[in-house]
Amino acid sequence: MIKKILKYFIYTLSFIILFALLICFTVWSIIPVYKFPEAVSFTGDKFYNPYKDYDNTHYYRANFHGHSRLGGGLTNGRANSEEDVFKAYRDLEYGFATVSNYHHITSKPPYYDFPYVPAQEYGINIFKTHLLLIGTKRKEYFDQPLWQGADTIQYRINRVKPYNEIVTLAHPAFVNGIEVDYMAQITGYDLMEVVNTFAHSVSHWDKALSSGRPAFLLASDDTHNVFRNTDIGRNITMIPLNPDTEADKLYDTLKSGAAYAVTVPHIIAILDRSEKLKVLNTHPQLLSMQVADNTLNIKLNRMVDKIVFSADNGQVMAEYDNVSESSYNIADNNSYVRATVYFDNGSTAYFNPVIRTNNGGGLKPDMPQVLVNYPLSIIKWIFTAVVFLSILYFIARKLKK
């Protein structure tokens with residue numbers, strides 16, 4: 001009797017596993033094979049400067065990646081409600097904040113006193129890089145749960161692009177969610193979480209930029225527990241907008257690259273809200289970043305420990321200690337140049353790159369277009385159909401016995 005029950009259990013479990021694999025295989029089969037655009041450096045005798053129009057502008061703090069308790073709190077906020085999230089960022093005097101739960105869009109609640117930004121985090125499986133969807137218009141559920149190749153990532157970007165103002169690659173370096181080399185292939189996204197509490201993805205950023213992808217940054221706390229000091233006010237997106245009068249320009253401003261990122265060290269992250277706010281209020285801010293005669297000039301409102309200029313593949317080109325402003329003469333072989341600023345309290349600021357372009361008037365280069373490789377895709381679909389029908393035939397025969 002026990003052997004019969006055990007045999008039945010093993011048989012049932014095998015059937016469930018086989019059926020689950022069949023579902024995963026079917027979902028994978030839908031994804032086409034892509035012909036990715038070539039990885040080519042930016043070229044041109046003009047420069048796109050995302051900070052060109054923002055001299056002496058006040059920057060507002062923002063966080064678009066925060067979770068409240070949902071679905072039992074297993075993967076979302078551990079204990080905090082939506083109101084707790086908004087209160088935490090109001091205490092830190094943020095101009096923009098939102099809740100971005102998994103596959104869920106938060107409605108604007110009555111206590112909400114930030115400019116409303118609908119957002120959600122999209123993706124199944126912690127070992128895959130998720131997408132942070134900002135200005136989202138519908139809930140996203142369908143996803144390929146297992147494989148994370150370049151084709152899969154591109155399919156997910158293309159699928160959600162029409163229904164979201166901003167598609168962001170969330171923490172690409174987290175548990176190797178996206179292999180660095182994939183950044184030379186995938187395209188079509190708007191932003192990348194270069195700075196996130198779970199992973200900094202600077203190498204991914206430089207790989208994308210060096211491959212001709214105008215990838216601009218976002219910084220996120222990726223908040224899961226606002227009652228833990230290290231979960232809030234740790235990675236900050238600085239945006240040159242007045243939330244009271246210019247909130248409608250938020251998406252365009254972010255996509256233009258006019259924001260920059262600040263990340264604080266652990267010694268600051270552990271501070272309570274009131275003490276942390278005092279530190280954040282003393283951070284140096286960008287006053288000006290301009291390009292004149294092939295020279296990039298950056299000016300801050302106070303002295304900093306170091307300003308570093310980096311170019312293709314993240315190579316350090318120049319650095320200056322104990323300054324509030326500095327310059328770098330852009331070399332002919334630099335397809336882009338970006339600045340990193342180190343504050344005296346251990347915090348770091350990352351600025352979006354100045355990019356070479358041939359576009360008239362120094363316009364932002366476009367993301368290169370990706371095409372479907374139909375011959376390989378058709379072969380894949382035919383193969384999948386044969387395997388699918390074979391598995392169904394096998395299951396049908398087993399059920400008959």
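Biologist: Which residues does Ala-339 touch, not counting residues up to four places away in sequence?

Modeller: The model is a predicted one. In it, Ala-339 touches Met-289, Ile-298, Val-308, Phe-309, Ala-349, Tyr-350 and Phe-351, with residues up to four places away in sequence left out of the count. Ala-339 belongs to strand β16, which covers residues 336-342.

Biologist: Is Ala-339 buried or exposed?

Modeller: The term buried is applied under 20% relative accessible area. Ala-339 has 1% relative accessibility and therefore counts as buried.

Biologist: Where is Thr-168 found, and what is it in contact with?

Modeller: Thr-168 is found in strand β7, residues 164-169. Its relative accessibility is 0%, so Thr-168 counts as buried. Leaving aside neighbours within four places in sequence, the contacts of Thr-168 are His-130, Leu-131, Leu-132, Ile-134, Leu-191, Met-192, Glu-193 and Leu-218.

Biologist: Are Asp-206 and Arg-338 buried or exposed?

Modeller: Asp-206 is buried, with a relative accessible area of 5%. Arg-338 is buried as well, with a relative accessible area of 4%.

Biologist: Which residue meets Arg-156 in a salt bridge?

Modeller: The side chain of Arg-156 meets that of Asp-143, at 2.8 Å from N to O. Arg-156 is in helix α3 (residues 150-160), whereas Asp-143 is in the loop between β6 (131-136) and α3, and the two are 13 residues apart. Arg-156 has a relative accessible area of 2% and is buried. Asp-143, at 6% relative accessibility, also counts as buried.

Biologist: Which residues are linked in a network of salt bridges?

Modeller: Lys-87, Asp-91 and Arg-273 are linked in such a network. Within it, the side chains of Arg-273 and Asp-91 meet at 2.8 Å, N to O. This pair links distant parts of the chain, with Arg-273 in helix α8 (residues 273-281) and Asp-91 in helix α2, 182 residues apart. Arg-273 is partly exposed, with a relative accessible area of 21%. Asp-91 is partly exposed too, at 28%.

Biologist: How should I read the backbone angle phi? Which value does Glu-93 have?

Modeller: Most residues other than glycine have a negative phi. Glu-93 has a positive phi of about 55° although it is not a glycine. Glu-93 is placed in the loop between α2 (82-91) and β4 (96-97), and at 47% relative accessibility Glu-93 counts as partly exposed. Asn-294 likewise has a positive phi, near 60°. Asn-294 lies in the loop between β13 (286-292) and β14 (295-310), and at 33% relative accessibility Asn-294 counts as partly exposed.

Biologist: What is the volume of the largest cavity, and which residues line it?

Modeller: Rolling a probe the size of a water molecule over the atoms shows where empty space is left. The count comes to one cavity of 30 Å³ or more, and the volume of the largest cavity is about 70 Å³. Its lining is made by Arg-61, Ile-236, Met-238, Tyr-260, Val-262, Leu-280, His-283, Pro-284 and Gln-285. The elements that give two or more residues to this lining are β11 (235-239) and β12 (260-263).

Biologist: Finally, the surface. Which residues make the nonpolar surface patch?

Modeller: Tyr-374, Ile-378, Trp-381, Ile-382 and Val-386 make a nonpolar surface patch of about 500 Å². The term exposed is applied over 50% relative accessible area. Ile-382 has a relative accessible area of 52% and is therefore exposed.

Terms used. Residues are numbered from 1 along each chain as its sequence is written. This is a predicted model: local features need pLDDT of at least 70, side-chain atom pairs count only at pLDDT 80 or more; totals for chains, interfaces and linings use all residues. Side-chain values use heavy atoms; hydrogens and water are left out. Patches are made of residues with over 30% relative accessible area and no salt bridge: like charges are joined within 9 Å, nonpolar side chains (Val, Leu, Ile, Met, Phe, Trp, Tyr) within 5 Å. Accessible areas come from the Shrake-Rupley method with a 1.4 Å probe; for residues, only the protein chains shown count as cover. A salt bridge is a side-chain nitrogen of Lys or Arg within 4 Å of a carboxyl oxygen of Asp or Glu. Buried means under 20% relative accessible area, exposed over 50%, partly exposed in between (1.4 Å probe, protein chains only). Helices (H or I, at least four residues) and strands (E, at least two) are DSSP runs, numbered from the N terminus. Contact means heavy atoms within 4.5 Å. On a 1 Å grid over the protein atoms alone, a cavity is a set of points where a 1.4 Å probe fits but cannot get out, and a pocket is an open set with protein on both sides within 12 Å along at least five of seven lines; lining residues have an atom within 4 Å of a point. Grid points are joined across faces, edges and corners, and a volume is the space filled by probe spheres set on the points.
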